[in-house]
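Here's a quick briefing to read with the model open in your viewer.

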Amino acid sequence: MADLVAARRARLAALRERGVDPFTATRYDVTAHAAELATKYAELPEQGRAESETWSIAGRIMAVRGQGGVIFFDLHDRTGRFQLFVRKNDLSDEAFAVAKELERGDIAGATGFVFRTKAGDLSLYVRSFEVLGKSLQPLPDKWHGLQDVEKRYRRRYVDLIVNPHVRDVMILRSRIVAEMRRFIDARDFFEVETPTLLTIAGGASARPFRTHSNALDIPLNLRIATELNLKRLIVGGMERVYEIGRIFRNEGIDATHNPEFTMLELYAAFWDVEDMMRFNEDLMAHLTRTVHGGETVMHGEDAISFATPFRRIGYLEAFKEFAGLEREQLLDADASLLLLREFGIPDSPTHAHALDKLFERIVEPHLLQPTFVYGYPVVLSPLAKRMKDDPELTQRYELFAGHMELANAFTELNDPDDQRRRFELQIAERAAGDEEIPPPDWDFVTALEYGMPPTAGIGIGVDRLVMMLTDNASVRDVLLFPLQRPLPADAREDDAEDAPPGP
RNA sequence: GCACCGCUAGCUCAAUGGUAGAGCAGUUGACUCUUAAUCAAUUGGUUGAAGGUUCGAGUCCUUCGCGGUGCACCA
C-alpha cells in the first residue's frame, strides 16, 4: 500500500523535475466531450483523419498502453471514454518524456484532431497536452472495478471512477428530479422551502432526530414530513405549492430505508383526491416515458407497465378479494386484533398499527403492477378528509408498484374541529405505547380555523421512485452517500482530528 | 434487537488443520497502431481485532468490530 503511493509520489516528483506541476493547473478550455466526438465522427472512414478540426478534451486517464514510440491512453470524461494517441515523432522530446510519466488515475487535457486507428478505433491525435491533476492513490482493478460494497459506499468517489453503472444511476436520478420539477412547474406550482428544524415534528408517524439550539436554548427536531407547513401555505393563499426535500426519520436502516431520504410533497387548492390520482398517473407516465424511455420498467424478474390508467382497488375491497375479509373484521379495533392472531402476526399496540401489519401481509404481496388502493380507514389517516357517504373511510389512496409504496395522497382534512378530535385520539395512542405518533401541533389546528380551501395533497418517495426506474433493489444504490457506521478509528471526532492521513 | 453469510496483497479471487498463492495493478527492461496490449524479469501479507484449542490455525472455538441478507421494527 505505502509502496504504491510512494511510487506515485515518485512520478509526481519526476513531473516536477521536468517543470510540470500537476497541482498548479487551474482551467482547461474543453471544447468537446467523448460522446460528442464519437457521434460526430461516427462516419469517419477507415484510416480517416479530420486534421482540419481541432478539439480539446479533458478527463481522467483510465488506461495506459505504451508501445515504445507511441502511447495510447483511455481518457474518461463525464460522457464516456475516448482514446488518446501520442506519438514521439509528433511531440518535443520533453513533452513525450512527460507523457511517459502519466499513469492510470491522473487527470489530463489533450488537444488534437480525430482520426481512426488501424484497428478502426476513433482516437484523438494529440498535438499538445496538459497535466491537470495527479492521482496519488492506486485505483482498483481495471477489469473488475470495485466490488466490495462497503468500500463502494464509504468511498463513493472511487466507486464512481471505476464503476460506470453507478454514475449512470446517479445521473438518471438527477434527471428524474429535474423532469419532476419541469412537469410540476408547467402546472403552475410554486416550489417552496420549509424548515427542517422544528419544535414539533409532525405530519407523519416516525421517531425524529433530536437536536438543540444553542441560541434559543431549546430542543429541536428534524422534520419527519413537510406536510403541516405546506398546508399552512395553502391556508396562506399560495394555492399550489410543492417541496422536494430531505426528510429525517430516526429508525431502522435496511434495503428500503435510509435515515435521511428525499420526498416530494405537493398540495393543490381546489383539487380533490381524484384530481390528484390523475396528476399522479400523468406524472409517473411522464417520468417513465422521458427518463426511462418507455412505459415498461423491469423490476428484478418482473416487468411493470406504467401505461395509464393504473389499476384501482378499494382498501376494504382488496382485503375481501385477497383474503375474504369483511369490513367489520377490519374496522372494529378488537376484531382486527383477533385477525392478527389468525395470521400469526405479533400483537399491535393500536388499531392503526394492526391494520398496517395486516395490509402488509395480505394485500401488498399482490401489488406488483401500479395500483391505486383508495379509501383508507380514518384511523390510519389523521390528516385526510372523510368520504361523504362513508365517514369511517377517507378520501385517500396509496400508489403501489413492485410491492413498494410509491405515493400517498388524499383530500386534506380542513375541518378544524375534526382535526382537533383526531389529534386528541392520537394523544391516546401515543400514551398506549406507540412512540412514533407525534405530539399534536395545535397551531396547525389554529391555521385550519382561519379557513383552508378544499385541497388535495400528495407525497412521493423520490428514492423509491428512482429505485423503481433504475431497477435497484437497495436504496443505498440510489443514494450517493448512504449512512454507514463510522469505522472505529474515525468514531471519535477528537482522534480523527489528531490523526490526519499522512503524506 | 435476533439469525445467517462475509472480511486473505492496492483491486478481483484461491488455499483437507501442515511452507499463504494467482491474475491485474506496481517496479525494471523491450516494443512507433494498442485497446483486459504483448514479451521478459521482479517487489508486495500483523489473513478485520483480541483471546483460546492444537506439535502446528487463514481454516476449529469464544468475544469484539465492520458490512451484506433475512426476520423484527418502520402509516
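Which side chain has an N or O atom 2.8 Å from a base oxygen of RNA strand B? That side chain belongs to R87. Keep in mind that this is a predicted model.

**Around the RNA**

- RNA strand B has 55 residues around it, and the closest are N89, K142, E150, H257 and R485.
- If you look at the RNA atoms that come within 4 Å of the protein, sugar and phosphate make up 58% of them.
- Several elements put two or more residues on the surface near RNA strand B, including helix 1 (2-17), strand 1 (49-67), strand 2 (70-77), helix 12 (351-362) and strand 18 (396-401).
- Helix 4 (149-154) is on that list too, and with 5 residues helix 4 gives the most to this surface.
- Sorted by class, the surface near RNA strand B comes out as 23 charged, 17 nonpolar and 15 polar residues.

**The cavity**

- How many cavities of 30 Å³ or more does the structure hold? The count is 1, and the largest cavity has a volume of about 50 Å³.
- Its lining is made up of F73, L84, V86, L102, A108, G109, A110, V126 and F129.
- Strand 3 (80-87), strand 4 (107-116) and strand 5 (122-133) each give two or more residues to that lining.
- Strand 4 gives the most, with 3 residues.
- The lining of the largest cavity has 8 nonpolar residues and 1 polar one, with no charged residues.

- Strand 8 pairs with strand 9 (residues 218-222) in the antiparallel sense, over 4 bridges.
- For a specific pair to click on, R210 has N221 in strand 9 as its bridge partner.
- As background, strands of a sheet pair through backbone hydrogen bonds, in either a parallel or an antiparallel way.

**A hairpin**

- Strand 12 (residues 296-299) and strand 13 (residues 302-305) are an antiparallel pair with 4 bridges, and T296 stands opposite S305.
- The two strands form a hairpin with 2 residues between them, and G300 in the turn has a positive phi of about 60°.
- Which residues of strand 12 are on the covered face, and which on the uncovered one? V297 and H299 are on the covered face, while T296 and M298 are on the uncovered face.

**I234 in its helix**

- I234 belongs to helix 7 (residues 227-235).
- Is I234 buried or exposed? Its relative accessibility is 1%, and since buried means under 20%, I234 counts as buried.
- I234 and A354 are 120 residues apart along the chain, and their C-alpha atoms are separated by 33 Å.

Note on methods
Residues numbered from 1 in each chain as written. Chains lettered and ligands numbered in written order. Predicted model: local features only at pLDDT ≥ 70, side-chain atom pairs only at ≥ 80, totals over all residues. Heavy atoms only, no water. Buried < 20%, exposed > 50% of the residue type's maximum accessible area, 1.4 Å probe, protein only. Pairing = 2+ DSSP bridges. Near = heavy atom within 4 Å. Polar contact = N/O pair within 3.5 Å; in protein donor to acceptor, adjacent residues only side chain to side chain. Nonpolar A, V, L, I, M, F, W, Y, C, P; charged D, E, K, R; others polar. 1 Å grid on protein atoms, 1.4 Å probe; cavity = no way out; pocket = protein on both sides within 12 Å on 5 of 7 lines; lining within 4 Å. Points joined across faces, edges and corners; volume = space filled by probe spheres on them.
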